[in-house]
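Hi,

Here is the structure I promised to pass on. My notes on what turned up are below it.

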Amino acid sequence: MPEQLNYQTLKSAVEMSAAFRCRTKLQPAGGQGDKVFPPTYAESKYALEKRRLAGYDEPVVCVLMDSVQSQANRFEEALQDAVDEDRVQVPIVEVDFSHIPIVEPGSTESGLYEPIGRLTSLETPHRIADAILRDSELDGVPFRQTEAGKKVSLTTLRNATPLLEINPTALVLGLWDSTGPKGGLGVKFQRALVSEIIGVNASLGVKTESRIDPLAIQRSSGPLYEAKNGGWTLDANEAVKVKSKPKLLGKDGRPSEGNHGNIVPSISKTTSSPFEDNVRIPLAGGVTIDYAEQTTVLSLPALRRLKFPIGESMKHDQQSNSKAQTALAALALCGSVLAAERGMDLRSRCLLWPEELPQWELLGAPGETPRTFSLTSEAVVELLREAVDHLKESGLPWRTEPIRLKPTKKLAELVQKSQALAVESKGENGDDS
């Protein structure tokens, strides 16, 4: 029977054991054989590879359903929700964009247009080292020049206390301060918590497209021109002029450029198979799988490498180190369990459902039978609270109030210009990646 994980057991595990792991089998919510859609990468391709798995005589084709990076983001989103709901207290840095007036296209007046609101270090792509935080300020001082910001540059494996105080999730999910004052020599921390979801024995499906226009607008009813006041027009005299000629809407002025007319039924394109020569496989048409599996591993040696000196003496205390490491382990487990509580609706047409209740195994001494634990959201929230209490008793820092920043003038102007351009271009070129 699974055990209940308490603080003392967690602390002992962090001091001596190898890892916590959780492997959970998942099925499409529609049932086995229902099509699901993995994430697409460059050229509308899926991330396919062959893996050796128990139960199969030969390596089988697997498809990435959710990457390590995406899983980390989901853990952080779950923690942010818990912070907002006052379920947990996690140190964060936030940037308030709510006061930025966005200039609407064609207008000389400013007004609130799609306000961004607040972004935190749990939401920015590179955590505390993200350029959004770097280009924000506290009381008019650039963040990385403030007392808190300087601590990021001072953090090392043997002095992780500064990050423990302001952004502990970076110590769990990894960090590279590549855009900070030291550039590529900025501090690096490996991921201690790693998770991914794969689809096993994937068969690729095809993607179809079609649309019947209820207005029965014909292709030959154009051309459509780009109107001076935005949108489109059939009147060439009302069109934007380029070298004295009316500018066609989109590429060729067809009604479809204005989202009118039929779409001829079609089947997705194909590409070369990564496994077989002279074989074509369909692009982005979804997959059917035997099952999906989520694998989550928390490396305890990675946490033990982190040291947490207290005060100016920079001396290491074994008990303080252990309490800080235990708090990070509790934070990692909390993020993972809370994310699972939110469900596995990964994207459109990719809702997965656990076949079984997720269970965590503790890998102890070599050859030792792993101990099994059942973790609920209530249990991990309480575990984190208790771990933080013990950490504070040792004199280690753990901020309970956010560090609140505002974007610099140049960042605000960049946001304003980018959003105005996105609206003018209808989002056609909003992503340069």
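The lining of the largest pocket draws at least two residues from each of β1 (19-28), α2 (68-84), β23 (291-299), α8 (318-341) and β24 (344-345). Helices (H or I, at least four residues) and strands (E, at least two) are DSSP runs, numbered from the N terminus. This is a predicted model, with pLDDT of at least 70 needed for local features and 80 or more for side-chain atom pairs, while totals for chains, interfaces and linings use all residues. Residues are numbered from 1 along each chain as its sequence is written, and side-chain values use heavy atoms, leaving out hydrogens and water.

Back to the pocket: its volume is about 520 Å³ (the space filled by probe spheres set on grid points joined across faces, edges and corners). Of its 26 lining residues, S336, V337, A339, A340 and E341 are the closest to the centre. A pocket here is an open set of points on a 1 Å grid over the protein atoms alone, where a 1.4 Å probe fits, with protein on both sides within 12 Å along at least five of seven lines; lining residues have an atom within 4 Å of a point. α8 gives the largest share of the lining, five residues.

No disulfides (cysteine sulfur pairs within 2.5 Å) turned up: the count is zero. For C22, the nearest cysteine sulfur is that of C334, 15 Å away.

Cheers
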